[in-house]
Amino acid sequence: MKPSSHRPTTAHIFLEHLSYNLEKITQDLPRGTKRFAVVKADAYGHGAVEVARELSAVIDGYCVSNMDEALELRQSGIEHPILVLGVVPWDCIPIAKQMNISLTIASLAWWKGAQQEKHEISGVAFHIKVDTGMGRLGFQSSQEIKQLLQELTAEGAVFEGIYTHFATADQEDDCQFQRQLSRFTAVLSELEQLPPMIHASNSAATLWHNDAIFTMVRLGNALYGLNPSGAELPLPYPLKPVLSLESELVHVKTVVPGECIGYGATYCCQETEVIGTLPIGYADGLTRSLQGYSVIVDGHFCEIVGRVSMDQVTIRLPKEYPLGTKVTLIGRNGGLEASVQRWAEYAGTIHYEVLCLLSTRINRHYH
Ligand SMILES: *Cc1c(COP(=O)(O)O)cnc(C)c1O
């Protein structure tokens with residue numbers, strides 16, 4: 001889908017906030033720690049190519065979730081190291097080699113499959129994923145890793161990295177975190193050779209657990225200026241949100257008591273009210289659960305009344321405003337702030353999901 005650039009609904013992306021956030025988050029890391037930006041899912045809705053380009057002078061590499069995301073970066077001219085965090089189909093191995101993209105090995109079964117398919121493994125760089133308690137992907141025993149390493153070396157593949165992923169780095173209670181950390185260090189201590197890149201930290205672990213920094217960190221969410229814990233833990237310093245979302249009033253009317261608004265006629269005006277319409281709806285990621293949420297017009301919170309439609313939403317205004325008046329859905333307006341976190345809480349989800357759901361129909365404007 002092409003972005004709708006002839007519609008006054010725009011996500012503004014302030015690219016310079018990325019390097020500000022990066023410097024803040026990594027200012028206390030040991031010298032030489034490699035910094036990788038996680039740009040999966042179109043850089044959490046911010047635009048992977050634009051984010052990668054912006055950071056290219058200050059970042060050591062990128063993490064993505066699948067091969068297509070890696071290829072998108074390569075095809076846009078990015079030459080930095082790229083690590084695919086997910087499991088790729090075996091037939092991606094030749095492209096990975098050709099395009100110099102590092103792959104994750106998460107099980108012996110995957111490795112055996114790769115050998116059986118007789119793809120050219122020599123020269124391909126791999127990171128071994130260790131499942132220390134997240135329970136999604138990875139080796140659970142160092143025995144299996146040792147077996148893999150023997151075969152990997154024999155095939156001429158490159159043992160570039162080993163990593164794990166924390167399930168609770170963003171929570172106050174660090175019991176599970178410590179359990180995962182000690183499992184990871186135990187696995188590392190049982191291996192005869194260690195690769196150059198050893199990594200465990202996502203944004204939350206980088207912010208709140210500097211005991212778990214090895215030789216590299218994988219930064220997602222915090223780079224985009226969000227608090228990875230939602231509201232559970234305070235940020236050690238303020239970060240700058242990279243994205244704001246704005247629309248405009250395209251229709252304004254005064255409605256008499258008893259008239260209803262939207263599908264299902266779920267909202268009927270009690271008194272004479274001013275209703276404004278915005279060109280954004282659930283097809284843009286403004287989910288139907290946001291009925292009753294409020295956005296900002298001229299320094300006033302204005303409630304979304306009636307159901308959210310596919311392409312439009314209606315709000316109750318304090319007075320008549322001219323067409324074209326700015327409406328802030330994410331960001332600041334007249335001294336008020338509508339954060340992604342506030343949206344997420346109202347919708348019963350987390351801010352990661354809110355950003356990822358902002359669809360490609362929304363025009364992104366890069367500053
Ligand atoms: C998404 C992801 C990250 C980044 O997580 P943030 O919380 O956004 O920093 C790091 N590592 C892995 C394996 C991931 O899947």
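1. A salt bridge is taken here as a side-chain nitrogen of Lys or Arg within 4 Å of a carboxyl oxygen of Asp or Glu. Glu303 and Arg316 meet this rule, with their closest N and O atoms 3.3 Å apart. This pair links distant parts of the chain, Glu303 being in strand 16 (residues 300-303) and Arg316 in strand 17 (residues 313-317), 13 residues apart; helices (H or I, at least four residues) and strands (E, at least two) are DSSP runs, numbered from the N terminus.

2. The model is predicted, so that local features need pLDDT of at least 70 and side-chain atom pairs count only at pLDDT 80 or more, whereas totals for chains, interfaces and linings use all residues. Residues are numbered from 1 along each chain as its sequence is written, and side-chain values use heavy atoms, with hydrogens and water left out.

3. On accessibility, buried means under 20% relative accessible area, exposed over 50%, and partly exposed in between (1.4 Å probe, protein chains only). Glu303 is partly exposed at 29%, and Arg316 is partly exposed at 29%.

4. A search of the whole structure finds 9 salt bridges. One of them joins Lys326 to Glu246, with the closest N and O atoms 3.6 Å apart; Lys326 is in strand 18 (residues 326-333) and Glu246 in strand 10 (residues 243-248), 80 residues apart. Lys326 is partly exposed, with a relative accessible area of 40%, whereas Glu246 is buried at 16%.

5. Arg361 forms a salt bridge with Asp284, the closest N and O atoms lying 2.8 Å apart. Because Arg361 lies in the loop between helix 11 and strand 20 (363-366) and Asp284 in the loop between strand 14 (273-278) and strand 15 (294-297), the pair ties together parts that are 77 residues apart in sequence. Arg361 is buried at 14% relative accessibility, and Asp284 is buried at 0%. Both residues belong to a network of salt bridges that also links Arg7 and Asp311.

6. For aromatic pairs, rings of Phe, Tyr and Trp (its six-membered ring) pair if their centres lie within 6.5 Å, and planes under 30 degrees apart count as stacked, over 60 as edge-to-face and the rest as tilted. The count by this rule is 8 aromatic pairs. In one of these, the ring centres of Tyr44 and Tyr352 are 6.1 Å apart and the planes stand at 40°, so the pair is tilted. Since Tyr44 lies in helix 2 (residues 40-44) and Tyr352 in helix 11 (residues 351-357), the pair ties together parts that are 308 residues apart in sequence. Tyr44 counts as buried at 7% relative accessibility, while Tyr352 counts as partly exposed at 28%.

7. Phe166 and Phe177 also form a tilted pair, because their ring centres are 4.1 Å apart and their planes at 35°. Phe166 is in the loop between strand 7 (158-163) and helix 8 (175-190), and Phe177 is in helix 8, 11 residues apart. Both of these Phe residues are buried.

8. A nonpolar core is a set of buried Ala, Val, Leu, Ile, Met, Phe, Trp, Tyr and Cys residues joined through side-chain atoms within 4.5 Å. The largest such core has 112 residues, and those with the most contacts inside it are Val39, Phe126, Ile162, Ile315 and Trp343. Helix 8 supplies the largest share of this core, 5 residues. Apart from it lies another core of 6 residues, among them Ile261, Cys269, Ile275 and Val305.
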